Amino acid sequence: SDVSLEPIVADSFARKMAEAEENAFVNGLGHASEQPQGFLTAVAGVPTHALAGAGAIVMNDILDLIYVPAPQYRRNGTFVMHSQIELALRQLLDVPTGRYLWEPSIQVGKPNLLMGYPVVACDSMQTFTGANQRVVAFGDFRTAYRILDRAGMTIQRLTELFATAGLVGFLARDRKSVV
């Protein structure tokens, strides 16, 4: 190839690993499954809102969720939700005035604030799929949930193995994963 493939392979691998890690940090089953313990699956996990019925979410539920964590986990709290839940919240109207109840920031560099707290869209969270789905999490994730990455990613170029076929192989490793 006329182009150095190593940076392209490394970028593709890093993106795929980031998606897998995000899902594991949210829904991971713990060390027995060789995954992190996800904040939705932890016994004493991050407080979440469970839908009473499919597609039913109201602002009072979000307000209630703010007061579930202990004060030290509420102070720097952040909402985490699937982008479809974020859309549903943005579409809630104040019936008498016809105005939206939540209008996220349109300023560059300013986070969307819901009831004064930042909102992060995470499509690894659950969405409107049925009753009792945990669709919104709230808390200070930096204090309550620690992510420690002990080993970095490596890319090894395998030229000798594929030389007779005129090919180059790449071996990418991230902790225990090999691709």
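Modeller: Let's start with a word we'll need a lot: buried means under 20% relative accessible area, exposed means over 50%, and partly exposed sits in between (1.4 Å probe, protein chains only). What you have here is a predicted model, where local features need pLDDT of at least 70, side-chain atom pairs count only at pLDDT 80 or more, and totals for chains, interfaces and linings use all residues. Residues are numbered from 1 along each chain as its sequence is written, and side-chain values use heavy atoms, leaving out hydrogens and water.

Biologist: Okay, which residues touch the most other members of the largest nonpolar core?

Modeller: In soluble globular proteins, nonpolar side chains tend to be buried together. A nonpolar core is a set of buried Ala, Val, Leu, Ile, Met, Phe, Trp, Tyr and Cys residues joined through side-chain atoms within 4.5 Å. The largest one here has 17 residues, and Ile 57, Phe 79, Met 81, Leu 89, Leu 114 and Val 136 touch the most other members. Helices H2 (59–66) and H4 (83–90) each give two or more residues, as do strands E2 (78–81), E6 (117–121) and E7 (134–139); helices (H or I, at least four residues) and strands (E, at least two) are DSSP runs, numbered from the N terminus. H2 supplies the largest share, 4 residues. There's also a second, separate core of 8 residues, including Val 26 and Phe 39.

Biologist: And how many aromatic pairs does the structure hold?

Modeller: You describe such a pair by the distance of the centres and the angle of the planes. Rings of Phe, Tyr and Trp (its six-membered ring) pair if their centres lie within 6.5 Å; planes under 30 degrees apart are stacked, over 60 edge-to-face, the rest tilted. This structure holds 3 pairs. Phe 79 and Tyr 117 have ring centres 6.2 Å apart and planes at 85°, so they're edge-to-face. Phe 79 is in E2 and Tyr 117 in E6, so this pair ties together parts 38 residues apart in sequence. Both Phe 79 and Tyr 117 are buried. For Phe 79 and Phe 138, the centres are 4.7 Å apart and the planes at 45°, so that pair is tilted. It links E2 to E7, with Phe 79 and Phe 138 59 residues apart. Ring pairs join Phe 79, Tyr 117 and Phe 138 into a cluster.

Biologist: Last one: which residues of H2 are buried?

Modeller: Met 59, Ile 62, Leu 65 and Ile 66. They cover an arc of only 115° around the axis, which puts them on the same side of H2; the arc is that of the directions from the helix axis to the C-beta atoms. On the other side of H2, Asn 60 and Asp 64 are exposed.
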